[in-house]
Amino acid sequence: MTELLVISHPDCGLHDPVPGHPERPARLKAVLDGIAQLDSFEAVSAMAASRDQLLNVHQTAYVDRLDRVERENLESKSAIALDADTHAGRGSIQAARLAAGAACQAVEGAIQHPEHPAFAVVRPPGHHAESDRAMGFCLFNSIAAAAEHALTKAAIRRVAICDFDVHHGNGTESIFAGRRDVLFASSHQIPLYPGTGAPHRKTASNVHNVGLPPDSGSNEFRAAWESHLFDPLDRFAPDLILISAGFDAHWRDPLAQLNLKDEDFFWIGHQLKTLADTHARGRLAASLEGGYDLHALTESALAFAEGITLAH
Ligand SMILES: [Zn+2]
C-alpha cells in the first residue's frame with residue numbers, strides 16, 4: 001500500500017449558506033472518516049489558492065465579483081444566490097479558495113513525490129464552475145486550477161483530467177475544450193443536470209464524454225471507460241493524471257440514478273493509478289467533487305483511496 005497524501009481544511013466546512021442543501025458540511029467528515037480507515041496516510045492543511053491561481057482559469061471580473069460577495073457576506077446574514085442552486089454565505093468564498101488551493105497542493109505533492117498519490121478532500125466542489133460563472137454547487141473550478149498550476153511546471157507538458165462524478169463536468173470541459181496540453185475524459189449519467197456532455201455533440205478533439213443511461217450499473221460504467229476512455233488516455237500519454245472524484249454515481253446517492261458499488265470506485269481508482277504508473281511516473285492527484293449520501297461517501301471514498309494507493 002502506497003501512502004496517500006490528504007489535503008483538507010476545517011474551514012471548508014464553513015460554507016453552509018442554505019440549511020438542508022445536499023452539498024453540506026457533513027460531507028467532508030464523511031469522506032475523512034473513510035480515509036481514516038486506511039493503514040497509513042499523511043494529512044496536510046490546505047492553503048487558499050492565490051489570486052493568480054484562480055485567474056489561470058477564471059475571468060478577472062468573476063474573481064472580483066466573488067471578492068465583493070465575500071465582503072457583502074460579512075455585512076449580511078442572508079446568503080447570496082450565485083445561481084439557482086449555488087449560494088454564498090459567510091465563509092463560502094474562503095472555502096472555495098481553500099478547495100482550489102488544496103487541488104493545487106495535491107499537484108505539488110504528486111510532482112514532488114510521485115510515489116504518493118494525493119487527494120484534496122475539500123468542498124465546495126468545482127467541476128461545474130465555468131470561467132465566468134458559478135454553477136451547480138461549484139464556485140471556483142478547483143481541478144481546472146490544478147491543471148493550469150501543473151502546466152507551469154517544467155516536468156508537466158500534458159495533463160489528463162478524468163471525471164467520474166455522475167454529473168458532466170461542463171465547467172472543466174468548457175475551460176479546456178480545444179487545448180492540446182489537456183485531455184478531458186468523463187463518464188456521467190444522461191439525461192441529468194447540467195444537460196451537457198452528450199458524446200454525439202463532441203465539442204473538441206481533446207474532449208471524450210460517455211453518457212450512461214439511468215439505472216446503469218458496474219458493467220456499463222466499466223465498459224464505458226474500457227471501450228471509450230482508456231484508449232484516448234493511453235494515446236495522450238499524460239505527464240499527470242488529475243481526477244475529479246465524485247461519488248454520486250453510487251447506488252445510494254439521492255441526486256442521480258446510477259447503481260455503482262463501493263468496489264467500482266476501487267476499480268476506477270486503481271485503473272487510473274495504473275495509467276499514471278504507465279505514463280506519468282505515478283503522478284496522480286484527485287479532488288473531491290460530488291456525492292450526497294454520507295454513508296456512500298465514507299465507503300466509496302475509502303474504496304477509491306485504496307484503489308489509488310494499491311501497489312502493483
Ligand atoms: Zn455530481
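Helix axes are lines fitted to C-alpha atoms over the stretch in contact, and the angles between their N-to-C directions run from 0 to 180 degrees. The model is predicted: local features need pLDDT of at least 70, side-chain atom pairs count only at pLDDT 80 or more, and totals for chains, interfaces and linings use all residues. Residues are numbered from 1 along each chain as its sequence is written.

**View A. Packing of helix H8 against helix H9.** The axes of H8 (residues 262-279) and H9 (residues 294-309) come within 7 Å and cross at roughly 25°; helices are DSSP runs of H or I with at least four residues, numbered from the N terminus. H8 is therefore roughly parallel to H9, a term for angles under 35 degrees. Their crossing is right-handed, the near helix being turned clockwise from the far one by less than a right angle. H8 contributes Asp-262, Glu-263, Phe-265, Phe-266, Trp-267, Ile-268, Gly-269, His-270, Leu-272 and Lys-273 to the contact, and H9 contributes Glu-299, Ser-300, Ala-303, Phe-304, Glu-306, Gly-307 and Ile-308. Residues are in contact if their C-beta atoms, placed from the backbone, lie within 7 Å. This contact comprises eight nonpolar, four polar and five charged residues (nonpolar: Ala, Val, Leu, Ile, Met, Phe, Trp, Tyr, Cys and Pro; charged: Asp, Glu, Lys and Arg; polar: the others, Gly among them).

**View B. Packing of helix H1 against helix H9.** The axes of H1 (residues 26-35) and H9 come within 7 Å and cross at roughly 40°. H1 passes H9 in a right-handed crossing. On H1 the contact is made by Ala-26, Arg-27, Ala-30, Val-31, Asp-33, Gly-34 and Ile-35, and on H9 by Leu-294, Leu-297, Thr-298, Glu-299, Ala-301, Leu-302 and Ala-305. Nine of these residues are nonpolar, two polar and three charged.

**View C. Helix H9 along its length.** The 16 residues of H9 reach 22 Å from first to last C-alpha, close to the 22 Å expected at 1.5 Å a residue (1.5 Å times one less than the number of residues). H9 is largely enclosed by the rest of the structure, because 14 of its 16 residues are buried, meaning that 20 or more other C-beta atoms lie within 10 Å of their own.

View D. Gly-217 lies in the loop between strand E8 (207-212) and helix H7 (218-236); strands are DSSP runs of E with at least two residues. With 15 other C-beta atoms within 10 Å, Gly-217 is partly exposed, a class between buried and exposed (12 or fewer). Gly-217 touches Asn-259 and Leu-260, not counting residues up to four places away in sequence. Leu-260 is 43 residues from Gly-217 in sequence and 5.2 Å away in space, C-alpha to C-alpha.

Note on methods. Two residues are in contact if their C-beta atoms, placed from the backbone, lie within 7 Å. Angles under 35 degrees count as roughly parallel, over 145 as roughly antiparallel, 65 to 115 as roughly perpendicular and the rest as oblique.
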